[in-house]
Amino acid sequence: MRKHRTYLVIFVLLLSVVTAIAAETRWVSSEGTTLKAESSAASETIADVAVGSEVTVIESGGRWLKVRTASGKEGWLFAGRVSETQPAAEVSGGDGGIFGNSMKSSQISTAKADSGRSIRGLSPGAAQYAKNRGTPELYKKSLDVVLARKVTPKELKTFLKEGKIGEYAQGEGGKK
Amino acid sequence: MKTVLILVCLILPLSASTALAGFFESLANPESKEWKIITGATQVLSSTQEIDYPTERNIGESLALEGLQRFGNPVANEQLQKYVNLVGSAVAANSTRATIPYQFAVLDSQVQNAFAVPGGVIFVSRALVDILESEAELAAVLAHEIGHVSAKHALKSTRRAQFFQGVGTITAANLKGDTGKQFASAINDMQGVLFDKGLDKEMEFEADLAAMEAAYRTGYDPSAMIRVLEKLQKLEATSREKKGSWFSTHPPLDERIARLQTQLRHYPDFAAQASVKERFAKYGRVK
Ligand SMILES: [Zn+2]
């Protein structure tokens with residue numbers, strides 16, 4: 001009887017371990033996500049993690065999660081930057097946008113973002129539409145200016161830091 | 001036999017209760033799959049996935065040109081425009097569609113409105129920015145519009161979706177001639193949806209929920225969305241100009257507020273998140 005109880009305990013333990021592992025996979029869902037040495041934005045950056053990367057949660061502390069990346073690196077991520085569902089891959093015919101083809105490599109995305117957005121001026125189709133419609137030059141120029149404005153990841157980081165927002169919030173680095 | 005029975009008796013309720021506990025725990029977690037399914041915040045793929053991004057962008061920018069003519073040019077205040085782009089980019093990075101470029105602009109319009117065109121260009125009127133009092137409130141408005149872009153609401157709403165799918169990639173070359181005429185007609189139809197008729201009610205609620213989620217993920221107080229709607233509610237009573245505003249193109253404000261208040265329960269620490277009033281007072285004022 002005692003033996004059976006031991007088996008039972010082991011079985012239940014195994015079951016809970018398996019459930020725990022299955023439930024602890026997360027996907028990086030935000031652009032510009034960095035793996036931190038501690039649960040604080042001010043701590044050392046271990047690596048950049050691209051959108052769509054799978055991570056395993058080891059520990060949870062407030063709005064921060066200790067995770068292990070696919071390449072085996074361990075560190076902390078701000079919980080707002082991960083999701084329980086895998087983000088849908090964006091099929092963007094050549095134009096990766098401000099952060100580039102993040103799904104492929106975070107390094108490429110950083111390089112691309114630093115050199116600025118690849119979209120400049122009206123898209124060819126919209127320019128042709130304006131031509132067809134005889135859209136006044138003034139509005140084409142206005143939209144041109146709007147499309148040319150860019151926000152680099154570095155500017156964004158500084159902005160969040162100065163506003164003490166999210167992972168840069170005061171008191172234990174956003175731990176609430 | 002007895003042990004088997006004990007096992008069944010023990011494990012069944014145990015596993016059922018852990019499963020249930022897990023489910024309720026998930027519901028308490030705003031990032032959980034279960035919660036998203038219940039609130040309908042998960043992105044559902046539809047036929048619009050066949051429209052590629054350059055085409056979506058061509059459609060959106062064409063609509064943006066019409067929007068500018070209708071609501072006015074951007075306010076000539078570079079500091080304000082840059083600020084709005086920073087706030088917008090912050091929440092966009094935590095939206096369900098973070099990998100496309102977004103651009104934001106404040107238009108010189110006296111009607112309280114904000115709208116997004118496919119592809120990521122988002123406009124907000126100076127009249128709407130004028131009634132806001134914090135960065136979190138601006139973030140909420142912009143995140144609502146990002147929600148429409150993420151879920152491709154405008155593309156899903158056009159009766160000309162078949163035209164876009166049939167024509168494939170829209171390029172400058174194929175907009176010369178007959179396709180160009182059909183394209184213009186499709187843009188005209190979408191204008192009617194975006195600027196006059198408004199999107200489907202459920203799409204608006206979906207954008208509201210998405211806005212709260214993206215704002216909270218970024219670290220902004222998600223209840224700011226409710227405060228914006230309450231301000232609009234006060235204005236609605238006295239406003240004469242309702243045409244083309246958030247009053248006329250969006251579902252009744254009390255209904256939106258009620259839904260958001262229910263949603264707010266998923267963010268128990270909402271009040272501890274950032275509002276950022278000082279910086280908004282410095283850069284977010286339309287001069
Ligand atoms: Zn809306």
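**Ground rules**

I number residues from 1 along each chain as its sequence is written, and chains are lettered from A and ligands numbered from 1 in the order in which they are written. The model is predicted, so to speak of local features I need pLDDT of at least 70, side-chain atom pairs count only at pLDDT 80 or more, totals for chains, interfaces and linings use all residues, and side-chain values use heavy atoms, with hydrogens and water left out.

**Entry 1: the outline of chain A**

I looked up the elements of chain A. It has 5 helices and 7 strands. Helices (H or I, at least four residues) and strands (E, at least two) are DSSP runs, numbered from the N terminus. Along the sequence I read α-β-β-β-β-β-β-β-α-α-α-α.

Next I checked burial. Chain A has 176 residues, and 47% of them count as buried. Buried means under 20% relative accessible area, exposed means over 50%, and partly exposed is in between (1.4 Å probe, protein chains only).

Then I looked at contacts (heavy atoms within 4.5 Å). Of the contacts in chain A with a separation of 6 or more, 54% are between residues 24 or more positions apart.

**Entry 2: strands side by side**

I followed strand β4 (residues 54-61) of chain A. It pairs with strand β1 (residues 25-28) of chain A in the antiparallel sense, over 3 bridges. Two strands pair if DSSP finds at least two bridges between them. In this pair, I found Arg26(A) opposite Val55(A) in β4(A).

β4(A) is also joined to strand β5 (residues 64-69) of chain A, by 6 bridges, and these two run antiparallel. Glu59(A) stands opposite Lys66(A) in β5(A). The hairpin of β4(A) and β5(A) has 2 residues between the strands, and Gly62(A) takes a positive phi near 65 degrees there.

**Entry 3: how confident is the predictor?**

pLDDT is the predictor's confidence in each residue, from 0 to 100. I noted a mean of 76 for chain A, with 70% of its residues at 70 or more. Among its elements, helix α4 (residues 137-148) has the highest mean pLDDT (96), and helix α2 (residues 106-114) the lowest (33). Over residues 91-119 of chain A the pLDDT is below 50, yet the model has 49 contacts for this stretch beyond near neighbours in sequence. Residues 172-176 of chain A also stay under 50, and they have 19 contacts beyond four places in sequence.

His144(B) is buried at a relative accessible area of 0%. Glu204(B) is buried too, at 1%.

I also placed Ala207(B) in helix α10 of chain B. It is buried, at 0% relative accessibility. Beyond its neighbours within four places in sequence, Ala207(B) touches Ala143(B), His144(B) and His148(B).

Most residues other than glycine have a negative phi. Lys164(A) has a positive one, near 55 degrees. I found Lys164(A) in the segment after α5 (153-162) of chain A, partly exposed at 38% relative accessibility. Lys152(B) also has a positive phi near 55 degrees. Its place is the loop between α6 and α7 (153-157) of chain B, and Lys152(B) is buried, at 16%.

Last, I looked up Thr135(A), in the loop between α3 (124-133) and α4 of chain A. Is Thr135(A) buried or exposed? It counts as buried, at 7% relative accessibility. Leaving aside neighbours within four places in sequence, Thr135(A) is in contact with Ala130(A), Lys140(A), Leu65(B) and Gln69(B).
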